Amino acid sequence: MMSATTITIEEFLEAAKEFVKKSEKVCDGWALKLDKTDIFKTYIKKDTFIECPDTTALYKIEYVIFYNLSYGVPSFSFNVWNSSGMLITLDDIRRMSFLQINQKDFYSVITQQEHPIFQRPYFIVHPCHTETLLAAFRSSSKNIIVTFLGLITPLIKLKLPLEFGYQ
Amino acid sequence: MGAVFEVDGTSFNKEPEDDQLYTNVKGTLMNKNTMEEFKSIEKATFLSVVGKEIWARIQEKNIWINKPSSLLHFVIISFADLKKFNYYYWFGFPSPMQPTVYMKDKSLSIAAIFSPKQIAELAQIYKCLDREQKCFFAVTKENDTICVKTLSSILDLKKGPLNNIDLSSMYFVFNDPSNVDNPGWPLRMYLAVLTDHCPSLLEADIKVIGLRCNATGNIESSRYFLVTAAMEDVKNKPCTVSDFWVGWEKNGKGSFGPRVAKMSASLDPVILADTASDLNIKLMKWRLAPDINVDVMKSTKCLLLGAGTLGCHVARDLLAWGFRHITFIDNGKVSYSNPTRQVLYNFQDCLNGGRDKAEAAADSLRNILPTAVSKGITAHIPMPGHPIGASLKEETISNIQLITKAIADHDVIFLLLDTREARWLPTLIAAHYGKIVINAALGFDSYLVMRHGIGDFNPDETSVSSTWIPGGSLGCYFCNDVTAPGNSMKDRTLDQQCTVTRPGVAAIAGALAVEILVGLLQHPLRVNAPAVYNLNSDTEDIPPEFQGVLGPIPHTIRGFLHSYQTVTPTCAKFKQCIACSEVVINKYMQENIEFLLEVFNSGNYLEEVTGLHELHLAAEMTDILTFSDEDEE
């Protein structure tokens with residue numbers, strides 16, 4: 001029998017709700033944005049600030065995790081603004097040290113695209129390998145979003161409190 | 001990282017979003033309509049006026065004692081240049097200049113004066129306080145426990161303290177946005193109201209906690225300050241608290257001045273269109289062809305000779321590939337039959353006798369993408385075998401100069417004309433200037449697309465055993481012909497006289513012409529990229545040095561829609577070519593206009609110059625000999 005490796009929107013929503021609950025407990029700032037008319041437009045997001053270690057310039061980052069319908073997996077997207085509200089370009093992102101992506105592989109991992117939910121340009125981590133990677137952890141995963149973020153955080157310095165792993 | 005002061009779209013809401021670790025600060029935005037008005041604001045006076053208003057408001061019934069959050073206020077002055085999408089803004093955090101605050105000692109970490117247990121208590125107290133009390137309150141140490149004292153519990157609403165304040169056990173706490181050793185701006189206001197209300201506190205040692213809470217509610221980076229406040233003279237005169245106010249923010253350069261947000265990249269529709277169309281090409285680079293040079297298309301200037309069916313299709317494909325500089329030369333006007341096939345025109349362009357095609361095509365491109373740099377040149381291209389009368393001589397010469405300059409000014413010349421002989425002059429001039437030439441011609445259901453070699457004729461480079469020809473030695477449109485162009489109204493092969501074609505042919509040929517150009521530009525040797533003889537074999541068998549980023553680049557593509565077949569012949573330069581051979585180019589360089597006029601008057605002249613005439617005679621002799629051989633057998 002072929003086992004399904006993709007996840008359904010219902011599984012995603014379930015995991016998202018649980019994830020946000022855990023986040024509230026540890027004040028990690030994730031919020032669920034539920035769209036009742038179109039559940040595929042439901043997403044979770046977190047706004048945070050980072051300081052560039054080289055210039056001490058301040059940036060605002062918005063992380064959004066949404067359900068990618070074509071790939072049947074969670075997708076990770078983000079945007080970065082400077083303190084005046086100007087959007088940072090992909091080339092600037094590439095030079096910023098908060099990402100730990102090999103410069104050579106950078107463009108194959110992160111690209112700027114029109115966001116499927118917001119219809120505005122966002123930086124999106126390409127979902128093509130997500131399914132295979134998630135499949136390996138699927139049976140042991142307690143929360144698919146925690147597992148998914150666990151796969152992403154080696155690439156993007158996203159401080160994920162260990163408490164997310166607790167039951 | 002310290003606290004972040006954030007103003008965004010939600011700041012205009014009447015009720016702020018409830019977020020536990022945020023402190024809400026009310027503010028005033030003053031937007032000026034002109035740059036001059038913005039510049040002419042007297043900054044010091046402005047802040048003092050705002051400060052006096054704040055002071056008057058909080059003094060009324062001493063509202064600040066019950067509602068300490070009213071002590072916090074900010075101002076923004078701004079100017080929006082809505083044409084350039086530049087937004088100038090300047091934050092001010094009005095704080096009274098007097099009393100002057102002195103730090104008695106270096107500040108200490110909160111851990112130096114409170115035990116971990118006490119710190120945890122303070123964190124809990126802070127978390128549970130009402131939003132309006134969070135910014136300014138006090139605590140006392142009682143039997144090792146921290147007790148919260150709201151301002152209303154220690155201060156008399158009328159004047160002075162309710163009971164004597166024991167400064168040795170009282171800590172005045174404020175929400176401190178600073179992340180350095182010094183306290184943040186709210187402390188000035190705190191000490192000003194405290195000392196104004198309780199003059200006994202003036203010049204006394206006051207213990208202050210700058211509460212610094214991080215996103216998870218942790219307050220361990222809080223600081224302890226021991227301070228005194230004293231009223232001093234300003235400009236040698238005694239003053240009151242509300243007389244002088246400070247607090248303009250420094251800008252990114254560290255000086256007192258406004259900041260500017262240049263938002264055109266995310267707000268200007270013209271720039272949005274440009275970057276969005278660019279994104280398509282960048283995605284190719286990011287996803288599929290990492291070695292693609294995205295910028296070369298933007299910087300390459302294309303000249304399109306002919307703004308008809310082919311010209312329109314080529315221009316649109318160039319735009320799609322990220323080219324931005326496209327010039328048209330055509331001498332026609334848009335007619336009613338054009339718009340359905342010539343995809344840059346519409347019905348409006350046909351009215352009143354029709355617009356000049358070159359100009360209409362350029363306008364249309366800019367309508368599609370405003371950042372396209374496009375112009376039209378209306379000029380007739382003189383042709384061999386089409387004699388110039390005396391009345392037209394001056395105009396012809398001026399046209400030749402116009403065309404010559406246009407070719408010299410561009411990097412790529414597309415020949416998209418509807419006759420064979422109109423291609424002669426631009427082929428010659430482009431060969432002389434060493435420009436890339438892409439040539440497309442249509443028959444009823446067949447097409448020809450090719451690139452011209454721009455090197456010298458070199459027979460050593462091409463031998464019978466060779467499997468390829470270097471790009472410079474590739475033939476031009478005329479190299480494979482052994483007759484000079486004359487009048488094309490006579491029956492010729494289909495691709496030599498384009499009038500009636502199946503509509504798809506131009507779209508196919510136009511697309512291939514652009515793809516050949518992009519292939520060349522993406523090849524390390526560019527125009528010198530070699531062409532292999534046999535492209536039909538699997539491209540894996542073709543050595544990598546013959547392939548560019550996008551694969552091997554053919555010399556010629558001939559397609560036949562009738563049978564849906566494509567062939568890619570590769571042909572070398574012909575040393576007696578009537579357009580690109582050394583002898584013709586030399587003659588052009590020496591005699592210029594005189595030579596050209598002679599060619600226009602008689603096509604046969606070219607056959608004499610190049611020696612083709614003799615070749616014809618020789619060919620006829622060979623025929624005779626051959627026949628006689630056969631006869632003998």
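Helices α14(B) and α16(B) are roughly perpendicular (65 to 115 degrees) to each other. In this predicted model, local features need pLDDT of at least 70, and side-chain atom pairs count only at pLDDT 80 or more. Residues are numbered from 1 along each chain as its sequence is written.

The α14 helix (residues 424-433) and the α16 helix (residues 582-591) of chain B pack at about 85 degrees, axes 10 Å apart. Contact (heavy atoms within 4.5 Å) involves B:Trp424, B:Leu428, B:Ile429, B:Ala431 and B:His432 of α14(B). From α16(B) come B:Val584, B:Ile585, B:Tyr588 and B:Met589. By class, the contact has 8 nonpolar, 1 polar and no charged residues.

A:Ser77 sits in strand β4 (residues 73-82) of chain A.

## Aromatic pairs

Aromatic rings pair if their centres lie within 6.5 Å; planes under 30 degrees apart are stacked, over 60 edge-to-face. The count is 29 pairs over all chains. B:Phe46 and B:Trp248 are stacked, with centres 6.0 Å apart and planes at 25 degrees. The pair links helix α2 (residues 43-59) to strand β11 (residues 245-248) of chain B, 202 residues apart.

B:Phe172 and B:Tyr190 are edge-to-face, at 6.0 Å and 80 degrees. B:Phe172 is buried at 1%, and B:Tyr190 at 0%.

Note on methods: Chains lettered and ligands numbered in written order. Heavy atoms only, no water. Axes fitted to C-alpha atoms, helices over the stretch in contact; angles between N-to-C directions. Helix = DSSP H or I, 4+ residues; strand = E, 2+ residues; numbered from the N terminus. Parallel < 35°, antiparallel > 145°, perpendicular 65-115°, else oblique. Nonpolar A, V, L, I, M, F, W, Y, C, P; charged D, E, K, R; others polar. Buried < 20%, exposed > 50% of the residue type's maximum accessible area, 1.4 Å probe, protein only.
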